[in-house]
Each structure stands twice: as C-alpha cells, then as structure tokens.
2 protein chains.
Amino acid sequence: MPTIKAAILGFGTVGEGIYRIINEKKKEIEQQTGFTIEIATILVRDIAKKRISTPGVQVTDDIREVFGQPQLDIVFEAIVGEEPAYTYLSEAIAKGYDVITANKTMFATHGPALLQQAEEKGGHIGFEATTAGGVPIIQTVKNLLTGDRVHRIQGILNGTSNFILTKMRKEGLSFKAALQEAQNLGYAEADPTDDISGKDAFRKLMILSQLAFGKQPEWKTIDIQGIDKIKLEDVLEATNLHYRHIADIEIDENGNLSGSVAPVLIGPDHPFYGIDGVDNAIIVETEYLGALTLVGPGAGMYPTGSAMVNDFIRIAGVRKKELITS
Amino acid sequence: MPTIKAAILGFGTVGEGIYRIINEKKKEIEQQTGFTIEIATILVRDIAKKRISTPGVQVTDDIREVFGQPQLDIVFEAIVGEEPAYTYLSEAIAKGYDVITANKTMFATHGPALLQQAEEKGGHIGFEATTAGGVPIIQTVKNLLTGDRVHRIQGILNGTSNFILTKMRKEGLSFKAALQEAQNLGYAEADPTDDISGKDAFRKLMILSQLAFGKQPEWKTIDIQGIDKIKLEDVLEATNLHYRHIADIEIDENGNLSGSVAPVLIGPDHPFYGIDGVDNAIIVETEYLGALTLVGPGAGMYPTGSAMVNDFIRIAGVRKKELITS
C-alpha cells in the first residue's frame with residue numbers, strides 16, 4: 001500500500017488531536033483511502049516541553065528539519081497566529097505538498113493567496129477546521145454551491161462569547177465572572193481579547209465569505225462589536241429575548257457584500273434562540289433550499305482534529321484518482 | 001461538450017422541481033460538470049392532465065417508451081410508492097443508467113437491494129432527497145463516516161407532524177383542525193395516514209440506519225407511534241415542554257441496533273425544542289465530533305428538486321473522472 005508522509009506543525013490541543021485520531025484510525029484510513037499514513041515529523045515551539053510520547057516521529061523546533069524530510073506529501077498546520085504559519089504553508093505549497101490548516105487568523109488574511117497558489121500548483125488545501133471547529137460548514141457550503149446559490153450566512157462563530165452570554169443569562173454571573181469561568185474551563189485563551197472583541201468571529205466570517213461568494217468585503221467596511229460591553233443588567237432585562245453574538249454576511253443582486261459582527265437580541269422564533277454554551281451555529285440561506293442551520297461543537301481536540309482528518313481523507317481520495325489518471 | 005441524457009419518472013411537485021432547476025441552471029451545471037444535461041423524456045401517469053410546457057421533451061405514460069430512448073444516461077425518479085418505482089429503477093440500473101430517487105417508501109424497503117445492484121454494475125444511486133428533503137443529511141453522514149463513527153441519529157423527519165404539533169401548542173387547535181390546516185396548505189396528503197401514524201418518519205429512519213450503520217434493524221422490533229393519539233389537553237398541559245415526533249436509532253458496542261418512533265416531551269435544553277413548523281431536524285452523534293444538528297426544509301418543490309440536482313452534479317463529477325480514467 002502506498003504511504004502518505006505527513007508533518008504536523010504545532011502540537012497544542014489541535015495538533016495532538018490530529019496525532020491521536022490518525023493513530024487510532026490508521027486501519028480505517030487505510031481502508032477508506034488506500035493509503036498508509038505516516039506522521040514523519042512534528043514541529044514544536046519548545047522542544048523541552050513535556051508532551052505525549054510520539055514513538056518513531058521526529059520532533060523538532062526547526063522548520064528546516066521538517067521540510068528536509070524526504071518525500072513529504074502533506075502538512076497539517078495547527079499553529080496560532082498569522083506568522084510564521086503563512087510563510088510555512090506557502091513554502092509547503094511551493095514544494096508541492098498538500099496542506100490542511102486549522103489556523104483561522106492566518107487563513108482569513110492569507111487564504112485567498114494560498115488558495116490561488118495551490119490552484120496554480122495543482123495542490124490541495126483543506127480548511128474545514130478553521131471555521132466552527134467540528135461543524136462541517138466548509139464542506140456543506142461547498143456542496144450547496146453545486147447547483148444552488150448562497151445569499152446570506154449568519155453564525156454564532158465564537159463559542160467562548162456564547163458560553164459567557166449563556167452564563168450571564170442563566171446564572172446571573174457578571175461578564176467578568178463568566179469570562180473567568182470560561183478561562184478556568186479552558187474555553188478562553190489566557191488573552192481572550194480576540195474572542196470577546198468579536199475579532200475571532202469576524203475572521204471566520206471572512207473565510208465563509210470567501211468560500212460562499214468568492215470574495216471578502218473590504219474589512220474596514222464591517223462594523224465589529226464584541227460582547228465585552230454587554231452588562232449583566234442588559235442581559236437580565238431582556239427577559240424573553242436572548243443575546244447572541246452573531247456574525248452576518250449577505251450578498252445583494254448586484255454582487256455587493258454587506259455584513260456585521262455584533263451582539264443581537266433575538267426572540268424564540270430565531271434558530272439561534274436555543275443555542276446555549278460553547279456550541280457554534282450557522283444558518284446558510286440559499287436560492288433553492290431556503291435556510292439550512294447547522295449546530296455543533298466549535299472547538300475541542302477531537303472535533304477539530306477530526307475535521308482535519310476528514311479533510312485529509314477527502315484529499316487522499318482526490319490524490320488517488322490523480323494517481324490513477326496520471 | 002458531452003451530453004448527459006436524462007429521464008424524469010413522475011411529474012408531480014418534485015419532478016417539476018427537477019425540470020425547472022435543471023433548465024434554470026443549465027449554464028452553471030455545464031460549468032461545474034463539463035456536461036450538457038438534456039431532459040429527453042418524462043414519464044407521467046395521466047397523459048391528459050394539464051401541466052407546465054416542456055418543449056422538445058417526450059412526455060409519455062409508457063415506461064417502454066422511456067427505456068426505448070437511445071443512449072439514456074440517468075433517471076430521476078419522483079414517483080410515489082414502492083411499485084412500479086422499484087421495478088423501473090432496478091431495470092434502469094440493469095441497463096447501466098445512474099439513478100437519483102426521492103422515493104422514501106420505495107428506498108426504505110428496496111434501497112439495500114438497489115445499492116448492491118448498482119455496486120455490481122458500477123452504477124451510481126443518489127438518494128439525498130429521500131430523507132429530510134432539502135437538508136443534506138445523506139451527504140453529511142457520508143462525509144462524517146470518513147474518519148469518524150456514528151453512534152446515534154435522532155430526527156424530526158416528518159414535517160407534517162411537526163406542523164400539526166406546533167399549531168396545537170401555539171394556537172390551541174385540535175388535532176383535527178391542525179391536520180385540516182396542514183392539508184389546506186398542501187403540507188399533508190389527501191390521505192395523511194403515513195404522516196400522522198409515524199410510518200413516514202420510520203421509513204426515513206431506516207434509510208438513515210442503512211447509511212450510517214450499513215444495516216437496518218428488523219422492522220418489527222421498532223415500536224412506531226404517530227401523533228394521531230395526542231390530545232390537545234396533553235399538549236397544553238405540558239406548559240414548559242414541547243411535544244416533538246422523534247425517530248431515534250442507536251448502535252451499541254456489540255453492533256446491535258435499537259430504535260423508536262414516537263412523540264416525546266422535551267425541555268428547553270433539547271436541540272429540537274425550538275424546531276417549529278414544517279422544518280425537519282436531525283442530530284447525528286459521533287465518536288469524535290460529538291453531536292451535530294442540521295435543520296432545514298423537509299419538503300417542497302425547490303428544496304427537494306435541488307437535493308436531486310446536487311446528487312446529479314456529484315454523480316456527473318464521478319462520471320467525468322471515470323471517463324478520463326477509462
């Protein structure tokens with residue numbers, strides 16, 4: 001059986017999730033793809049940090065050692081932040097590797113360039129895990145785009161914000177106390193600015209816009225509000241309404257995009273009314289289908305890792321057909 | 001550009017939807033698939049009945065004329081009931097045609113045989129439209145099954161039942177009055193037995209079971225209850241709870257299936273709590289992802305027709321690759 005040789009860049013929660021799932025599902029992946037997958041190398045930031053045992057795998061903090069691996073086929077990228085992730089992936093594509101990323105910050109900005117680069121090279125990019133974690137929104141929109149047309153996408157795209165709003169409403173916690181609890185539970189980063197300012201949701205919205213409409217609006221035209229200015233009394237006063245942090249993008253008949261990212265008060269008839277906790281949710285409105293809503297885990301080691309492994313299996317399927325046709 | 005020649009069997013709401021979408025989207029389909037699609041023939045029950053104009057298309061009530069068309073490639077089937085639909089599709093597969101069906105009654109019973117027949121013949125079957133109309137649950141489960149494992153599926157799979165339960169709760173209508181309104185609006189058939197007895201939801205559950213677990217439970221082991229025995233006072237007494245008609249199938253560690261189809265009282269924490277009206281909703285529980293919920297239109301000319309056209313585009317994509325490799 002031919003082998004696909006993989007690198008994992010970044011070995012935090014998501015990187016470890018990929019490693020675990022690939023090892024647990026080795027046989028199933030072989031059956032489904034016809035390829036054995038071998039994780040050859042893992043790039044870490046701090047070589048001295050304690051981590052799970054990865055027998056037989058090169059662990060390095062030097063990207064040159066990763067790219068020095070002979071006959072690498074695919075790169076899983078689970079680094080945080082734009083750089084050096086973009087530089088690494090751009091080099092990976094230039095070298096002819098397929099790439100699968102979970103990096104929303106990088107992909108919102110550099111996704112268009114990477115996608116174009118990959119197309120020119122005949123490579124593949126999987127980015128299901130960049131948006132809404134385990135919810136297969138990227139694949140679903142791709143499928144809908146065959147034979148239908150997307151008009152509008154609304155999403156609860158930041159699980160941390162939704163968790164905080166839920167805690168405030170249900171338990172009467174202050175914003176600060178709810179944020180603290182999100183941090184204690186590992187939902188929010190040590191620096192939660194991107195989550196609570198709306199920036200994280202905005203980036204995912206830009207990734208969805210690129211996918212659904214083939215373009216992004218000018219970033220500065222989108223008003224971005226987070227949940228950091230919502231007071232407990234606002235939440236509690238809205239007795240029959242729920243605050244949801246909603247990212248919203250729409251295309252008009254002339255192809256113009258408009259959007260917003262903001263906390264919104266919604267009533268029981270809105271599909272997002274009952275979405276509590278860290279879940280993500282997305283409504284896709286299309287010409288023929290009407291509205292389709294997806295709800296699921298927006299983060300986590302296994303949901304996100306599983307989204308990336310699914311990307312891998314799809315790309316391996318395409319590779320196989322190319323092997324046959326070449 | 002090579003042409004794909006299609007037949008439509010049955011020209012009610014769904015058959016007309018396919019015809020309309022294919023004509024409206026001819027150019028997009030050509031761009032996406034590399035094929036021109038030509039609807040060559042339409043099978044109707046009553047040739048004298050008034051219907052929309054279909055210039056250049058053979059309209060016949062004789063299946064021999066349909067199968068007599070030279071070089072047919074694909075058959076869209078939108079007939080109601082097991083027969084003659086099964087016989088027609090089995091013959092179509094034997095002749096080497098791909099088939100796309102919206103016929104849940106037929107597919108729940110004969111799906112396993114048709115799928116096996118198509119596999120032996122190297123043909124393709126699209127059946128997205130059999131279950132939950134425009135909600136892409138079949139494709140979503142197929143995608144999840146690459147690299148993940150489904151444990152349980154719960155669904156609101158009959159929009160008519162959900163519409164009736166919603167009307168009873170929200171407007172205090174009796175079961176009979178709510179059913180009458182569903183019929184007036186065209187949601188329920190003249191004979192609504194299959195909807196309100198739970199049979200329709202059961203059949204869709206069997207299709208999902210076959211897909212997710214590779215098998216169906218013995219039909220007689222599943223207790224099927226409809227909404228026809230629910231009284232208005234039951235609905236109104238349950239002040240903070242909502243009745244939902246839920247079809248449920250689960251696999252245990254030993255591979256044994258258990259399931260039920262019944263009205264269930266659920267609270268605000270259940271993902272189905274807010275699903276009102278004719279929408280369908282499905283929760284898929286998997287090993288890695290956790291729970292994914294999909295909500296959307298369970299029926300209708302355009303949602304269902306669009307699901308079938310999506311099937312077509314996917315199959316055309318596979319055909320193209322086979323053309324290249326052959």
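How many residues does the contact take from chain A and from chain B? I looked this up first. The model is a predicted one, and in it the contact draws on 37 residues from chain A and 37 residues from chain B.

Next entry: area. I find about 2900 Å² buried between chain A and chain B. Carbon and sulfur atoms give 54% of that area.

Next entry: charged and polar pairs. I count 4 salt bridges between chain A and chain B. I looked up one by name: the side chains of Lys170(A) and Asp269(B) meet in a salt bridge, at 3.4 Å from N to O. For polar contact, the count between chain A and chain B is 12 residue pairs, with both residues at pLDDT 80 or more.

Next entry: which elements of chain A supply the side that touches chain B? I note helix H1 (13-24), helix H6 (137-145), strand S12 (290-297) and helix H12 (301-325), each with at least two residues on that side. H12(A) has the largest share of the side of chain A that touches chain B, with 9 residues. Sorted by class, I get 16 nonpolar, 12 polar and 9 charged residues for the side of chain A that touches chain B.

Last entry: strand pairing. In which sense do S12(A) and S12(B) pair, and over how many bridges? I read an antiparallel pairing over 3 bridges, the strand in chain B being residues 290-297. I also looked up Thr293(A), whose bridge partner in S12(B) is Val295(B).

Key
Residues are numbered from 1 along each chain as its sequence is written. Chains are lettered from A and ligands numbered from 1 in the order in which they are written. This is a predicted model: local features need pLDDT of at least 70, side-chain atom pairs count only at pLDDT 80 or more; totals for chains, interfaces and linings use all residues. Side-chain values use heavy atoms; hydrogens and water are left out. Contact means heavy atoms within 4.5 Å. Buried area is the accessible area (1.4 Å probe) that two parts lose on being put together, summed over both. A polar contact is a pair of N or O atoms within 3.5 Å; within protein, one must be able to donate a hydrogen and the other to accept it, and residues adjacent in sequence count only if both atoms are side-chain atoms. Helices (H or I, at least four residues) and strands (E, at least two) are DSSP runs, numbered from the N terminus. Ala, Val, Leu, Ile, Met, Phe, Trp, Tyr, Cys and Pro count as nonpolar, Asp, Glu, Lys and Arg as charged, and the others, Gly among them, as polar. Two strands pair if DSSP finds at least two bridges between them.
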